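Work through the exercises below with the model open. Try each task before reading its solution.

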Amino acid sequence: MFNFMKLVTNENMKIYRRPRTYVMLGLMLALIAAISIITYFVDDSHNTLAWSMIFTESMISYMLITVFTIIIASGSVADEFTSGTIKLLLIRPWSRSKVLLSKYIAVLLYALGMAVVMLLFSFILNTVLFGYQDVTASEVVSPLVSGSVAAYLLKYSLLKYVSLVVTTTLAFMLATVSRSGALSIGLSLFLILGVNSFAPLLATLKYKWADYLLFIHLDLTQYLDAAPMRDGMTLGFAFFVLAIYYAIFVGLAWYVFKKRDVAA
């Protein structure tokens with residue numbers, strides 16, 4: 001177990017010693033700061049709620065985090081093949097499964113770290129600018145929801161992270177199968193940002209098989225407002241469908257990586 005944690009640590013070091021990691025983090029934080037500061041100066045009456053800003057910036061930031069994590073996930077495996085360092089990695093006393101798992105865990109930790117930093121930065125910045133208000137979720141999000149806005153934001157973030165894990169796993173699988181970071185990034189962004197934008201249209205299909213389409217269930221936050229894209233859909237069913245896709249993505253990545261010849 002200790003040796004495996006060293007392997008995960010090594011993969012984390014590969015991620016965090018690259019300038020692009022900090023560039024992406026800086027871009028996200030700069031965007032959040034710009035939105036908050038511009039709103040502060042535009043709103044002369046200063047009636048803007050800090051929680052409204054936090055929630056708005058969270059929605060925007062999770063899209064950025066998804067894109068950034070796809071880039072990291074795609075490069076994690078593909079870059080090893082491109083540079084030829086995969087041979088050096090596999091001659092060490094670790095199985096291929098552990099090598100792949102360490103890379104996967106490091107990518108998920110990166111996504112989690114980005115989400116936590118984003119939420120903390122947005123909360124602190126907007127509390128300083130707009131002050132802390134004790135409001136309910138119905139005042140900030142929608143009259144259809146109730147309870148604490150902080151509790152709602154926590155549920156929102158957890159559901160977003162589950163969707164992010166599935167998306168990341170898809171990008172990770174594509175990179176493992178294709179050995180091309182550029183192809184993996186392109187396909188992942190096309191599927192997630194392109195095809196996913198048509199999810200509401202796909203949800204209108206009257207065929208039973210449409211219930212099992214990945215893109216209809218990727219946005220789990222639709223269940224927080226009790227407004228699923230398709231009638232009769234539940235959060236439990238969405239988790240079930242995503243679990244099936246997740247297992248397929250993981251299984252395919254593992255199988256291809258185990259069987260791939262890296263001697264050439």
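**Exercise 1: a helix pair**

The crossing of α2 and α5 is right-handed, meaning that the near helix is turned clockwise from the far one by less than a right angle. This is a predicted model, in which local features need pLDDT of at least 70, side-chain atom pairs count only at pLDDT 80 or more, and totals for chains, interfaces and linings use all residues. Residues are numbered from 1 along each chain as its sequence is written, and side-chain values use heavy atoms, with hydrogens and water left out.

Task: describe how α2 and α5 pack, and say what kinds of residues form their contact.

Solution. 
- Locate the helices: α2 covers residues 19-42 and α5 covers residues 96-130. Helices are DSSP runs (H or I, at least four residues), numbered from the N terminus.
- Take the geometry. The angle is about 25°, and the axes lie 10 Å apart. Axes are lines fitted to C-alpha atoms over the stretch in contact; angles run from 0 to 180 degrees between N-to-C directions.
- Classify the angle. α2 and α5 are therefore roughly parallel to each other, a label for angles under 35 degrees.
- List the contact (heavy atoms within 4.5 Å). From α2, the residues include M24, M28 and I32; from α5, they include Y110, M114 and F121.
- Sort the residues: 16 are nonpolar, five polar and none charged. Ala, Val, Leu, Ile, Met, Phe, Trp, Tyr, Cys and Pro count as nonpolar; Asp, Glu, Lys and Arg as charged; the others, Gly among them, as polar.

**Exercise 2: the core**

Solution. 
- Define the set: buried Ala, Val, Leu, Ile, Met, Phe, Trp, Tyr and Cys residues joined through side-chain atoms within 4.5 Å.
- Size it. The largest such core has 61 residues, and M28, W51, I65, Y110, L214 and L218 have the most contacts inside it.
- Find the top contributor: α7 gives the most, with 14 residues.
- Beyond four places in sequence, Y110 touches I15, Y16, T21, M24, F68, T69 and I72.

Conventions
Helices (H or I, at least four residues) and strands (E, at least two) are DSSP runs, numbered from the N terminus. Angles under 35 degrees count as roughly parallel, over 145 as roughly antiparallel, 65 to 115 as roughly perpendicular and the rest as oblique. Buried means under 20% relative accessible area, exposed over 50%, partly exposed in between (1.4 Å probe, protein chains only).
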